[in-house]
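Please look over the model below. My notes follow as numbered points.

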Amino acid sequence: MKRYVWVLIAALLCLPMQGLAEPEPMTEPPTLFVSAGGQELPNVMGLTHWNGAQIKRADVLATLAGDGQQHPYVALDSQVTLILDGPAPDKIRVTSEVIREDGTPKYPTSSAEEMPLTLVDDQAIFTLSPDTLALVDSSGTGTEIQLLRGFRVFCTWGENECEYGFILQTDMASPEVPMESQNDAKYKTEADFLNHPDGVKFQAAAFRAAKAYLNGDLDELAGYLTDSYTVEHELDLFKDIDYMVWKWSLHDMKSEDNILASYQFVLKGEDSASYVTMELIKLDGEWKVDFIGLEK
């Protein structure tokens with residue numbers, strides 16, 4: 001009899017352990033959203049090693065180059081934002097290379113440059129800088145020369161790996177800033193501010209506040225507001241957003257401590273865009289939202 005009692009006790013002790021089981025693995029790679037210059041950039045998924053299976057698709061850049069669509073133009077020094085619709089990867093890296101119309105490299109394969117990334121919550125951000133080899137290419141000079149840049153995004157979740165790719169059109173070199181303008185402002189370009197530690201904190205505060213606002217999480221949002229400002233109406237939109245694009249320029253800086261910002265987003269199944277507009281002020285070294293609102 002004692003033997004059966006011990007077996008029953010052992011079985012009961014095992015029951016709580018079911019709640020500690022590892023979460024179900026992702027069945028497929030998450031969707032990647034890429035935005036820059038106020039627009040969403042098309043991207044495709046390529047070679048994937050997922051849950052023990054290796055799926056080889058066509059080269060991501062060749063696929064995009066062969067679809068016959070016009071590639072979007074993005075100005076140099078623009079901020080490029082990557083957001084995955086799923087768990088954040090353990091590792092992420094982005095490479096860039098100048099490509100021909102068919103998606104093949106214009107220069108040797110060793111010419112791919114790795115882009116420095118800034119991680120802000122669920123976002124990976126980099127600044128579109130000039131390609132080094134393009135600057136010294138003898139086939140053209142001057143800012144009027146435009147070229148195609150192909151980007152590969154490599155993500156890793158444990159043993160799972162996935163490659164994404166996107167293409168954009170941009171300039172060979174940044175236009176020169178007049179000397180009188182250089183002396184007027186601390187930040188000469190958007191990238192100067194967004195890559196500055198203060199700019200990174202500004203982006204993080206704006207994204208967290210916008211996400212909490214669209215989620216209707218007023219308790220979370222309150223932590224990002226100034227003491228004199230409150231939000232009472234709840235929204236429940238974030239889960240229905242198809243894509244969201246950061247909208248900001250140097251013209252939105254009222255001062256170094258008072259800046260406007262907005263996110264443009266489109267809900268699934270809708271064609272028109274909506275905007276979350278914010279005004280942030282810096283208090284004791286931290287960015288706080290002094291206004292946030294929704295507009296069409």
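1. Both Phe-207 and Tyr-263 are buried, meaning under 20% relative accessible area, with exposed over 50% and partly exposed in between (1.4 Å probe, protein chains only). This is a predicted model: local features need pLDDT of at least 70, side-chain atom pairs count only at pLDDT 80 or more, and totals for chains, interfaces and linings use all residues. Numbering runs from 1 along each chain as its sequence is written, and side-chain values use heavy atoms, without hydrogens and water.

2. Rings of Phe, Tyr and Trp (its six-membered ring) pair if their centres lie within 6.5 Å; planes under 30 degrees apart are stacked, over 60 edge-to-face, the rest tilted. The count is 12 aromatic pairs. Phe-207 and Tyr-263 have ring centres 6.1 Å apart and planes at 65 degrees, so they are edge-to-face. Phe-207 lies in helix H6 and Tyr-263 in strand S14, so the pair ties together parts 56 residues apart in sequence. Helices (H or I, at least four residues) and strands (E, at least two) are DSSP runs, numbered from the N terminus.

3. Tyr-229 and Phe-291 form a tilted pair, 6.4 Å centre to centre, with 50 degrees between the planes. Tyr-229 sits in the loop between H7 and S12, Phe-291 in strand S16, 62 residues apart. Phe-291 is partly exposed, at 39% relative accessible area.

4. Ring pairs also build a cluster, which includes Phe-207, Trp-246 and Tyr-263.

5. Six strands form an open antiparallel sheet, ordered S4-S3-S11-S10-S6-S7. Two strands pair if DSSP finds at least two bridges between them. S4 and S7 are the edge strands. S3 and S11 share 4 bridges.
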